[in-house]
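This briefing accompanies the structure shown below. It is organised by topic, and each group of points may be read beside the three-dimensional view.

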Amino acid sequence: GRGGGNLFTTTNTTLNDLIVFSYGIHPRQLTGGPSWLESERFDITAKPESQGIPNATQLRTMVQKLLTERFGLAFHNEKRELSAYVITLAKSGHKLTKNESGGILPGFGGRGPGAIGVRNTTMGEFAGFLQARILDRPVVDQTALSGKFDFVLEWRPDPSQVQGPPGAPAPQLPPEVESRPDLFTAIQEQIGLKLESTKAPV
């Protein structure tokens, strides 16, 4: 969250969550850290060194710096074969609308269960959104599409993707949501991309 203009504030947050956010990775891609990364919780208020409100990339870089300077954490990247989802172009070609607005931030607007309006978003950012919010594995963009796009996606979510109150059974989906295709079919039919489960170096 952001408090007051350009402040970055977070409460009751584990370092695992901050690492996942700042490096744009899936929790399964994080390995080898001390056990307290998952158990200790922190409140953080940080102010960027530069003026103005940071964009998403600057914000992530700022949190990466904070993790190394304040918590003494050192990171390195390794490629490993993991179960992942890969996004590629469908044979029919994509059905995305190019966004030429020059806006900085991507937009992901929830439109009820199993529906999102996506604006000003690169394929890499879309993959990051899917792995952070919807799917249970890393998601790798292999579309080779550059630029930013707008699109709407509507699918029938799995019960695991529809959260009711804690301890309550998953809420019943409305009939119009029940009649939608699953996520994999929706991505192919509605936006001309293909989402496949595979082993991929991530």
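Two residues are in contact when heavy atoms of theirs lie within 4.5 Å of each other. The model shown here is predicted. The points below describe its nonpolar cores, one of its pockets, and several individual residues.

**The largest nonpolar core**

- The largest nonpolar core consists of 24 residues, and those with the most contacts inside it are Phe126, Leu130, Leu153 and Ile187.
- At least two residues of this core come from each of the strands β4 (81–89), β7 (115–121), β9 (149–154) and β10 (193–201), and likewise from each of the helices α4 (123–134) and α6 (183–191).
- Helix α4 makes the greatest contribution to this core, namely six residues.
- Which residues does Phe126 touch, apart from those up to four places away in sequence? They are Ile87, Phe108, Ile116, Thr121, Phe151, Leu153, Ile187 and Ile191.

**The second core**

- A separate core of 15 residues is also present, and Leu18, Ile19, Ala46 and Val63 are among its members.

**The second largest pocket**

- The volume of the second largest pocket is about 420 Å³.
- This pocket is lined by 19 residues, of which Lys47, Pro48, Glu49, Met62 and Lys65 are the closest to its centre.
- Strand β3 (41–46) and helix α3 (56–71) are the elements that give two or more residues to the lining.
- Which element supplies the largest share of the lining of the second largest pocket? Helix α3 does, with eight residues.
- Sorted by class, the lining of this pocket comprises eight nonpolar, six polar and five charged residues.

- Thr13 belongs to strand β2, which covers residues 7–14.
- Thr13 counts as buried because its relative accessible area is 11%, and buried means under 20%.
- The side chains of Thr13 and Thr10 make a polar contact at 2.3 Å.
- Setting aside residues up to four places away in sequence, Thr13 touches Leu18, Glu40, Arg41 and Phe42.
- Asn12 is also placed in strand β2.
- Asn12 has a relative accessibility of 48% and therefore counts as partly exposed.
- The phi angle of Asn12 is near 55 degrees, which is a positive value in a residue other than glycine.

**Strand β7: Asn120**

- Asn120 lies in strand β7.
- Is Asn120 buried or exposed? With a relative accessible area of 5%, Asn120 is buried.
- The side chain of Asn120 reaches the backbone oxygen of Gly103 at 3.0 Å.
- Not counting residues up to four places away in sequence, Asn120 touches Asn99, Ser101, Gly103, Ile104, Leu105, Pro106, Glu125, Lys148, Phe149 and Asp150.
- For Asn120, phi is near 55 degrees, a positive value in a residue other than glycine.

**Strand β10: Ala200**

- Ala200 is situated in strand β10.
- The relative accessible area of Ala200 is 2%, so this residue is classed as buried.
- Ala200 and Glu81 are separated by 119 residues in sequence, whereas their C-alpha atoms are 5.2 Å apart in space.
- Residues up to four places away in sequence aside, Ala200 touches Arg80, Glu81, Leu82, Ala84 and Val86.

- Arg80 is located in the loop between α3 and β4.
- Arg80 is partly exposed, with a relative accessible area of 41%.
- A polar contact of 3.0 Å links the side chain of Arg80 to that of Glu78.
- Beyond its neighbours within four places in sequence, Arg80 is in contact with Thr31, Ala200, Pro201 and Val202.
- Arg80 and Lys199 are 119 residues apart in sequence, and the distance between their C-alpha atoms is 9.6 Å.
- Asn77 is likewise placed in the loop between α3 and β4.
- Why does Asn77 count as exposed? Its relative accessibility is 77%, and exposed means over 50%.
- Asn77 and Gln51 are 26 residues apart in sequence and 31 Å apart in space, from C-alpha to C-alpha.

Key
Residues numbered from 1 in each chain as written. Predicted model: local features only at pLDDT ≥ 70, side-chain atom pairs only at ≥ 80, totals over all residues. Heavy atoms only, no water. Core = buried A, V, L, I, M, F, W, Y, C linked by side-chain atoms within 4.5 Å. Buried < 20%, exposed > 50% of the residue type's maximum accessible area, 1.4 Å probe, protein only. Helix = DSSP H or I, 4+ residues; strand = E, 2+ residues; numbered from the N terminus. 1 Å grid on protein atoms, 1.4 Å probe; cavity = no way out; pocket = protein on both sides within 12 Å on 5 of 7 lines; lining within 4 Å. Points joined across faces, edges and corners; volume = space filled by probe spheres on them. Nonpolar A, V, L, I, M, F, W, Y, C, P; charged D, E, K, R; others polar. Polar contact = N/O pair within 3.5 Å; in protein donor to acceptor, adjacent residues only side chain to side chain.
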